[in-house]
Amino acid sequence: MIVILALFFLRFQSLPFQNSIREARPKVTLVVRTASTVGNYDYIIDWEFQEDGLIRVQVGLSGMLMVKGTHYNNADQIPEEENTSGPLVSENLIGVVHDHFVTFHLDMDIDEPDNSFVKVHLVKEETVPGESPRKSFLRTKKHVVKSEKEAQIKFKLYDPSEFHVVNPSQKSKIGNPSGYKVVPAGTAASLLDHNDPPQHRSAFTDNQIWVTPYNRSEQWAGGLLVYQGKGENTLAVWSDRDRSIENKDIVVWYTLGFHHVPCQEDYPIMPTVSSSFALKPANFFNSNPILHVAPTVQKDLPSCSARSASA
Ligand SMILES: [Cu+2]
């Protein structure tokens, strides 16, 4: 390791960096944070607004782990075939395996309310045999989604797409429609049977993205009165109407999921677990907007401090 570092240092010294780097800037991000206590957990939701136009939505989970009692006090005592519904996290306590889902209602208005949802499908093309030493290359196929059922999206690692929201009537100077894309990160899908009663209410977890036409009464993915409902007034029911979503005031629903297999460090209070997704400009600006931003000077930045609860 020492030899490798020494070689890198010598190489670095020989590059003409001193003449090409003229300025370095701190990255400045506006973070709007909410922290909600729901049951035994705290959900910390950060909306991060970056100077390059990217909006990152980060969700952090912390709180009191859900546990149940057991007569076992050592993992070696638990027979392999016994279904304990989770690992032992402390003497006589099982950390129950469970999921968390946070669904975002994104009322997208890119340059005006009427927008379209576009799937940008990445496909492999094969070269003609003998034409090239290369066997394959990539290209994209854009598809403007017409109605709700087509916009029920399950992520696929080996058959990927990008998901853009565009305003077809607002074009950039080189003719691309103004847009933002939804950039997924780590997430999870529900493994429950679709006919399981809890899954009737949480059917919004069947897909990671849904798109619906804006409707004032369709605000809560699990229905307005979740515990009194049987899934009859949820996002899945609305979406199955298959209404038109092309060039309309549309809502994108994004679900961030976490499978939680507890471990000893999660008990009694778990460290924060985070995941995120982003909304990234896609032909919304004519070039990288950060190039025109004035340098940030530290004395101009707001200085935030925690306020006491009694203030
Ligand atoms: Cu959890």
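Mentor: Let us begin with accessibility: a residue is buried under 20% relative accessible area, exposed over 50% and partly exposed in between, using a 1.4 Å probe and protein chains only. This is a predicted model, in which local features need pLDDT of at least 70 and side-chain atom pairs count only at pLDDT 80 or more, while totals for chains, interfaces and linings use all residues. Residues are numbered from 1 along each chain as its sequence is written, and side-chain values use heavy atoms, with hydrogens and water left out.

Trainee: How many salt bridges does a search of the whole structure find?

Mentor: Side chains of opposite charge can pair when their charged atoms come close. A salt bridge is a side-chain nitrogen of Lys or Arg within 4 Å of a carboxyl oxygen of Asp or Glu. The search finds eight of them. One of these joins Arg139 to Glu125, at 2.7 Å from N to O. Arg139 is in strand 9 (residues 136–144) and Glu125 in strand 8 (residues 114–126), 14 residues apart; strands (E, at least two residues) and helices (H or I, at least four) are DSSP runs numbered from the N terminus. Arg139 is partly exposed at 37%, and Glu125 is partly exposed at 22%.

Trainee: Is Glu148 buried or exposed?

Mentor: Glu148 is buried, with a relative accessible area of 0%. Its salt-bridge partner Arg243, with the closest N and O atoms 2.8 Å apart, is partly exposed at 21%. Salt bridges link Glu148, Glu218, Arg241 and Arg243 in a network.

Trainee: Which residue meets Lys181 in a salt bridge?

Mentor: The partner is Glu162, at 3.2 Å from N to O. Lys181 lies in strand 11 (residues 177–183) and Glu162 in strand 10, so the pair ties together parts 19 residues apart in sequence. Lys181 is buried at 17%, whereas Glu162 is partly exposed at 30%.

Trainee: Which protein donors does the copper ion have?

Mentor: Donors are N, O and S atoms within 2.8 Å of the metal (3.2 Å for Na, K and Ca); water is not among the atoms, so sites may look incomplete. Here they are Tyr41 (OH), His98 (NE2), His100 (NE2) and His260 (ND1), 2.0 to 2.1 Å from the copper ion. Tyr41 lies in strand 2 (residues 41–50) and His100 in strand 7 (residues 98–107), so this pair ties together parts 59 residues apart in sequence. Tyr41 is buried at 3%, and His100 is buried at 6%.
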